[in-house]
2 protein chains.
Amino acid sequence: MSLARVQNFSISLDGFGTGEGQSHDAHFGHAGDRLHQWMFATRWWRGHDDPGGSGGIDNAFAQLFDPGIGAEIMGAGKFGHPGWHEDPQWQGAWGPNPPFHTPVFVLTHHTRPPIEMEGGTTFHFLDASPAEALETAREAAGGKDVRIGGGPTVIRDFLAARLIDHAHIVVVPILLGRGVRLWDGLEGLEKDYQVEATSSPSGVTHVTFTRR
Amino acid sequence: MSLARVQNFSISLDGFGTGEGQSHDAHFGHAGDRLHQWMFATRWWRGHDDPGGSGGIDNAFAQLFDPGIGAEIMGAGKFGHPGWHEDPQWQGAWGPNPPFHTPVFVLTHHTRPPIEMEGGTTFHFLDASPAEALETAREAAGGKDVRIGGGPTVIRDFLAARLIDHAHIVVVPILLGRGVRLWDGLEGLEKDYQVEATSSPSGVTHVTFTRR
């Protein structure tokens, strides 16, 4: 069975998945990289060639990002800064070899032909509902799971449509005060999921939603 | 030194300290008692005459409610449902022997003479700023700490004014979707505090802010 999964999605204690003022040079707006320091500190992120890093619960969760994933769905706001669709050369914010290594479906009203990158990532551009996008991504995933990659609006839409089977949300103990909220309009979500919270010595809390 | 402390203040995962639709029969609106089940399950809440209950981290935190406290400050919305000030007989929602056992200062534009209850609780009614109210409560506390008792608006105002020395916030894994938010307008609060998060087997996460 191909699951729809959220992995390593970080929010502030006040619920913002990205800050205000996103731009070419500030992918997460005024949040900077503060939502992801916990991940950058893991052995998984640093990789085999850079020994050290945290090897505990943060690392255990972080490394669930890749295994079993056959495709990703992301929002237009994750693929690029506001206005990227006016730049015909824009190929995403990750350089020539993006860290996805699967087909990636970008939800946008401004579709364009697919872009094949190095390392197995191909960006496809879809103007579709969450359910339609998930069906398309599942076909491309060849029986593997589909990662719902963010940003917050996309994850919220998929949660609201009850399309997510498993969500790993990381609550970072900072207050951003402004930006895009993850939780808006999701009253009662917990009834459909088993929710588990686990704090890490790093200060973040891993919250998992697993469909009942 | 007399500290200003928040103890056992519960919010939903989406940040609401009380639900929508507060009334005489629904002190927390549509939240009901879901924000406080973790506390009702503790040995501390159940008391010596009702053995059983959780004896772990939830209980350890919960019992910090009373010791060392010499006064409480609460908002008008905690003292009673909307419109309580039009009822001259209203004496709060806790019966003849409220669980405070100290002077309690109710912040309200509708002041009235103090009400002396059984068990050491006296309700005083103050139309004052947070800083003024804290000064008054500290005098009444006789060198002990002052508990900032809620609701969310009052705690937010005291946090925004940086009047809180220690805050114990309990994040409950439910999504209320609507109500009164705790965290609004507190961008960067973490810079002035040491923040610690500890998850409990009950599912809640205890987050403490201790002034640096």
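Me: Which residues lie nearest the centre of the largest cavity?
Reply: A:L13, A:V171, A:T205, B:L13 and B:V171, among 24 lining residues. This is a predicted model, where local features need pLDDT of at least 70, side-chain atom pairs count only at pLDDT 80 or more, and totals for chains, interfaces and linings use all residues. Residues are numbered from 1 along each chain as its sequence is written, and chains are lettered from A.

Me: Cavity meaning what?
Reply: On a 1 Å grid over the protein atoms alone, a set of points where a 1.4 Å probe fits but cannot get out; lining residues have an atom within 4 Å of a point.

Me: What's its volume?
Reply: The largest cavity has about 200 Å³, the space filled by probe spheres set on the points, which are joined across faces, edges and corners.

Me: Which elements give two or more residues to that lining?
Reply: β1 (4-12), β8 (166-172) and β11 (205-211), from chain A and also from chain B. Strands here are DSSP runs of E, at least two residues, numbered from the N terminus.

Me: OK, β11(B): why is it largely enclosed?
Reply: Because five of its seven residues are buried, meaning under 20% relative accessible area with a 1.4 Å probe, protein chains only.

Me: How many bridges join β8(B) to β11(B)?
Reply: Six, and the two run antiparallel; B:V171 has B:T205 as its bridge partner. Strands count as paired if DSSP finds at least two bridges between them.

Me: And what's in the turn between β10(B) and β11(B)?
Reply: Five residues separate the strands of that hairpin, and B:G203 in the turn has a positive phi of about 110°.

How values were computed. Heavy atoms only, no water. 1 Å grid on protein atoms, 1.4 Å probe; cavity = no way out; pocket = protein on both sides within 12 Å on 5 of 7 lines; lining within 4 Å. Helix = DSSP H or I, 4+ residues; strand = E, 2+ residues; numbered from the N terminus. Buried < 20%, exposed > 50% of the residue type's maximum accessible area, 1.4 Å probe, protein only.
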